[in-house]
Amino acid sequence: MVLGIFAGVGSGKSLLLEMLAEYGFKLIEADKIAHKLYKTNDKLKEALKDKFGTCILDENGDIDRKALSELLFADSKLVEFINSLVHPLVWAEIKREVYSYASADINVAVEAAILPSEEDAEIYDYKIFLKTDSELRYKRLRESRAYSDDRIKNIISNQPDTNRYESYCDFILYNNSDKDDLRKNLELLLEKISDENV
């Protein structure tokens, strides 16, 4: 079984993934794949250097994601440019990993903030939206990452809105309370999915 986990920043995806790992799911995280590509994909690195120059490189000549993030802040056109380069590479790697696990009959959970294309979405058996109230997302990001409200607003504005997530996904999993509540909601959802597959 392949689950797609979709949610915006500050929704509690890391905690949910920890729980899914406890239930035996192999985890694939789009952000981690993107970070790996920044280091290992030479064509991507060259394209970014051509666009931004050496100011985005660290002392080892690798992409400095913090420096790149600062350039992207509040510039939606640059965000779109980066996405056009990175997202196809990320989804190609996600699909490769999913198929390798699926061939071994291993349950997989794929986490991403960005919604895939219709073609890329074919890998999922079920798509789940982790829904968290906006105020709680802001609170978490202020406390965990020391982000300003302006920065949080900018990041969220570059991700799909709640309505798009809801219409895209098969299930909504709420995360507006504590860890125990999320675990209970997850268990109920997994039971529902299991019943559908009986």
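Mentor: We shall begin with the whole chain and then turn to single residues. Please keep in mind that this is a predicted model.

Trainee: Understood. How many helices and strands does the protein chain have?

Mentor: The protein chain has nine helices and five strands. Read from the N terminus, its elements follow the order β-α-β-α-α-α-α-β-β-α-α-α-β-α. The radius of gyration is 18 Å, close to the 16 Å that the globule rule gives for 198 residues, so the chain is as compact as a globular protein of that length.

Trainee: And what box do the C-alpha atoms fill?

Mentor: Along the principal axes, the C-alpha atoms fill a box of roughly 55 × 40 × 30 Å.

Trainee: What share of the residues is buried?

Mentor: Buried residues account for 41% of the 198 residues. The accessible surface is about 11,100 Å², and carbon and sulfur atoms contribute 46% of that surface.

Trainee: Which contacts join residues at least 24 apart?

Mentor: I can give you the share: among contacts between residues at least 6 apart in sequence, 74% join residues at least 24 apart.

Trainee: Changing topic to charge: how many positive and negative side chains are there?

Mentor: There are 28 positive and 38 negative side chains, and the centres of the two sets lie 4 Å apart.

Trainee: Now some individual residues. Where is Lys127, and is it buried or exposed?

Mentor: Lys127 lies in strand E4, which covers residues 126–131. With a relative accessibility of 15%, Lys127 counts as buried, because the limit for that class is under 20%.

Trainee: What is Lys127 in contact with, neighbours within four places aside?

Mentor: Lys127 is in contact with Gly4, Phe6, Tyr168, Cys169, Asp170 and Phe171. Take Tyr168 from that list: Lys127 and Tyr168 are 41 residues apart in sequence, yet their C-alpha atoms are 7.7 Å apart in space.

Trainee: What about Arg151? Buried or exposed?

Mentor: Arg151 counts as buried, at 17% relative accessibility. Its place is in helix H7.

Trainee: Which side chain does Arg151 join in a polar contact?

Mentor: The side chains of Arg151 and Glu70 are joined by a polar contact of 3.1 Å. Setting aside residues up to four places away in sequence, Arg151 touches Ser69, Glu70 and Phe73.

Trainee: Let us move to the loops. Where is Asn41 found?

Mentor: Asn41 is in the loop between helix H2 (30–40) and helix H3 (42–52).

Trainee: And which backbone nitrogen atoms lie by the Asn41 side chain?

Mentor: A polar atom of the Asn41 side chain lies 3.2 Å from the backbone nitrogen of Lys43. For the backbone nitrogen of Leu44, the distance to a polar atom of the Asn41 side chain is 2.9 Å.

Methods: Residues numbered from 1 in each chain as written. Predicted model: local features only at pLDDT ≥ 70, side-chain atom pairs only at ≥ 80, totals over all residues. Heavy atoms only, no water. Helix = DSSP H or I, 4+ residues; strand = E, 2+ residues; numbered from the N terminus. Rg over C-alpha atoms; globule rule 2.2 N^0.38 Å. Buried < 20%, exposed > 50% of the residue type's maximum accessible area, 1.4 Å probe, protein only. Contact = heavy atoms within 4.5 Å. Areas by Shrake-Rupley, 256 points an atom, 1.4 Å probe, with all protein chains shown as cover. Lys, Arg positive; Asp, Glu negative; His and termini not counted. Charge placed at Lys NZ, Arg CZ, Asp CG, Glu CD. Polar contact = N/O pair within 3.5 Å; in protein donor to acceptor, adjacent residues only side chain to side chain.
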